[in-house]
Amino acid sequence: PLAAAVRYLAEQSWQINDDWRRHAIPTSDAAKMLGIPRSTLNLWCRKGLIKCWQPGPGRSWRVDVEDARLYLIQHKE
């Protein structure tokens with residue numbers, strides 16, 4: 001699953017710029033792409049381990065998938 005997620009993201013033509021929030025996606029979609037549980041991704045967001053933001057109180061996190069992918073690769077065992 002990790003190799004497939006990395007390959008998928010590498011094929012994307014997203015331009016990561018100063019306004020990374022434009023490219024952020026919901027945690028449910030990001031978790032599927034990365035092959036990890038949504039709860040894990042939410043935890044990373046709450047702890048500030050990856051770039052993410054909440055558009056408002058009670059709203060779902062939105063994730064910078066590239067940052068999450070890099071974090072996942074750096075911390076795999």
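Among contacts in the chain between residues at least 6 apart in sequence, 50% link residues at least 24 apart. The model is predicted. Its secondary structure comes to 4 helices and 3 strands. Along the sequence, the pattern reads α-β-α-α-β-β-α.

**Burial and surface**

- The chain has 77 residues, and buried residues make up 34% of them.
- The accessible surface of the chain comes to about 5100 Å².
- Carbon and sulfur atoms account for 49% of that surface.

**The aromatic pair**

- The count comes to 1 aromatic pair.
- The rings of Trp44 and Tyr71 have centres 4.7 Å apart and planes at 65°, so this pair is edge-to-face. The cut-off behind that label is an angle over 60 degrees between the planes.
- Trp44 sits in helix H3 (residues 38–47) and Tyr71 in helix H4 (residues 65–74), so the pair ties together parts that are 27 residues apart in sequence.
- Trp44 is buried. Tyr71 is buried too.

**Helix H2 against helix H3**

- Helix H2 covers residues 27–34, and its axis comes within 9 Å of the axis of H3.
- The two axes cross at roughly 115°. H2 and H3 are therefore roughly perpendicular to each other. That class takes in angles from 65 to 115 degrees.
- The crossing of H2 past H3 is right-handed.
- On the H2 side, the residues that meet H3 are Thr27, Ser28, Ala30, Ala31 and Leu34.
- On the H3 side, their partners are Arg38, Leu41 and Asn42.

**Helix H2 against helix H4**

- The axes of H2 and H4 come within 11 Å.
- These axes cross at roughly 40°. H2 and H4 are therefore oblique to each other.
- H2 passes H4 in a right-handed crossing.
- From H2, the residues Ala30, Met33 and Leu34 take part in the contact with H4.
- From H4, the residues Val65, Ala68, Arg69 and Leu72 meet them.

**Where the helices come together**

- Ala30 in H2 meets H3, and Ala30 also meets H4.
- Leu34 in H2 likewise takes part in the contact with H3 and in the contact with H4.

Note on methods: Residues are numbered from 1 along each chain as its sequence is written. This is a predicted model: local features need pLDDT of at least 70, side-chain atom pairs count only at pLDDT 80 or more; totals for chains, interfaces and linings use all residues. Side-chain values use heavy atoms; hydrogens and water are left out. Rings of Phe, Tyr and Trp (its six-membered ring) pair if their centres lie within 6.5 Å; planes under 30 degrees apart count as stacked, over 60 as edge-to-face and the rest as tilted. Helices (H or I, at least four residues) and strands (E, at least two) are DSSP runs, numbered from the N terminus. Buried means under 20% relative accessible area, exposed over 50%, partly exposed in between (1.4 Å probe, protein chains only). Contact means heavy atoms within 4.5 Å. Accessible areas come from the Shrake-Rupley method with a 1.4 Å probe; for residues, only the protein chains shown count as cover. Axes are lines fitted to C-alpha atoms, for helices over the stretch in contact, and angles run from 0 to 180 degrees between N-to-C directions. Angles under 35 degrees count as roughly parallel, over 145 as roughly antiparallel, 65 to 115 as roughly perpendicular and the rest as oblique. A crossing is left-handed if the near helix is turned anticlockwise from the far one by less than a right angle, and right-handed if clockwise.
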